[in-house]
Amino acid sequence: MTILHAIDEEKGIVLTTWVGDVKDSELTPAYTKLYEDKKWKPGFHEIVDMRNAGLSYISESGLHELHMLVRNYTEGKCDGFKSILIASDEIAQEIANKYQSFSEDVLEEVWVFEDLQEAYKFLRNL
């Protein structure tokens, strides 16, 4: 598994790409690395491309742990940032919807798209 983060400081966007079989145990370390990166700033929007990831090892518990990590780094610092999940198959859509359900009552807005270009277009139109 690989979770790669590319930070565009000028646009305030993080493009995260998940490749290969992703497991619960890999989520927290990968996202901790992102949030500790000096280029990352609270309020940056994130696009997560899951189209090339195997997601059968991701559990609801792992997603909840990831949500809590995001919350710890962002709560009170960047209300209303957007997380856009690119999910084109049924498993990815299910993962995206579960993560979205954790975020409904907090600062992060989660959107699900099937196309990467549509996600960028959405952010440009905010």
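User: What makes a stretch of residues a strand here, and where is His45 found?
Analyst: A strand is a DSSP run of E with at least two residues. In this predicted model, His45 is found in strand β3, residues 45-57.

User: Why is His45 called buried?
Analyst: Buried means under 20% relative accessible area. His45 has 19% relative accessibility, so His45 counts as buried.

User: What makes the link between His45 and Lys82 a polar contact?
Analyst: The cut-off is a pair of N or O atoms within 3.5 Å. The side chain of His45 reaches the backbone nitrogen of Lys82 at 2.9 Å.

User: Which residues is His45 in contact with, leaving aside neighbours within four places in sequence?
Analyst: They are Gly12, Ile13, Val14, Gly80, Phe81, Lys82, Leu123 and Leu126. Of these, Ile13 stands opposite His45 in β3.

User: How do you know that β2 and β3 pair?
Analyst: Two strands pair if DSSP finds at least two bridges between them. Nine bridges join β2 (residues 13-23) to β3, so the two strands pair. They run parallel.

User: What is the order of the strands in the sheet?
Analyst: The order is β1-β2-β3-β4-β5, in an open sheet with mixed pairing. The twist averages 20° from one strand to the next.

User: Why are β1 and β5 said to stand at the edges?
Analyst: β1 (2-8) and β5 (109-113) each have a single partner strand, so one side of each is left without a neighbour in the sheet.

User: Which strands do helices α1 and α4 lie across?
Analyst: Helix α1 (residues 24-36) lies across β1, β2 and β3. It runs at about 155° to β2. Helix α4 (residues 116-124) lies across β2, β3, β4 (82-86) and β5. The angle between α4 and β3 is about 150°.

User: Why are the buried residues of α4 placed on the same side?
Analyst: The buried residues are Leu116, Ala119, Phe122 and Leu123. They cover an arc of only 120° around the axis, which puts them on the same side of α4. Their cover includes β2, β3, β4 and β5. The face turned away from that buried side carries Gln117 and Arg124, both exposed.

User: What caps the N-terminal end of α4?
Analyst: Asp115 does. A side-chain oxygen of Asp115 lies 3.1 Å from the backbone nitrogen of Gln117.

User: Why are the buried residues of α1 placed on the same side?
Analyst: Leu27, Ala30, Tyr31, Leu34 and Tyr35 are the buried residues of α1. Their arc is only 130° around the axis, which puts them on the same side of α1. β1, β2, β3 and α2 are among what covers them. Ser25, Lys33 and Glu36 are exposed, on the face turned away from the buried side.

User: What makes a group of residues a nonpolar core, and how many residues has the largest one?
Analyst: The residues must be buried, of types such as Leu, Trp and Tyr, and joined through side-chain atoms within 4.5 Å. The largest nonpolar core has 32 residues. Trp18, Val22, Tyr31, Trp40, Met50 and Leu55 have the most contacts inside it. The elements that give two or more residues to this core are β1, β2, α1, β3, α2 (60-74) and α3 (90-103). Apart from it lies another core, of nine residues, including Ile47, Ile86, Leu116 and Leu123.

Methods
Residues are numbered from 1 along each chain as its sequence is written. This is a predicted model: local features need pLDDT of at least 70, side-chain atom pairs count only at pLDDT 80 or more; totals for chains, interfaces and linings use all residues. Side-chain values use heavy atoms; hydrogens and water are left out. Helices (H or I, at least four residues) and strands (E, at least two) are DSSP runs, numbered from the N terminus. Buried means under 20% relative accessible area, exposed over 50%, partly exposed in between (1.4 Å probe, protein chains only). A polar contact is a pair of N or O atoms within 3.5 Å; within protein, one must be able to donate a hydrogen and the other to accept it, and residues adjacent in sequence count only if both atoms are side-chain atoms. Contact means heavy atoms within 4.5 Å. Axes are lines fitted to C-alpha atoms, for helices over the stretch in contact, and angles run from 0 to 180 degrees between N-to-C directions. The arc is that of the directions from the helix axis to the C-beta atoms.
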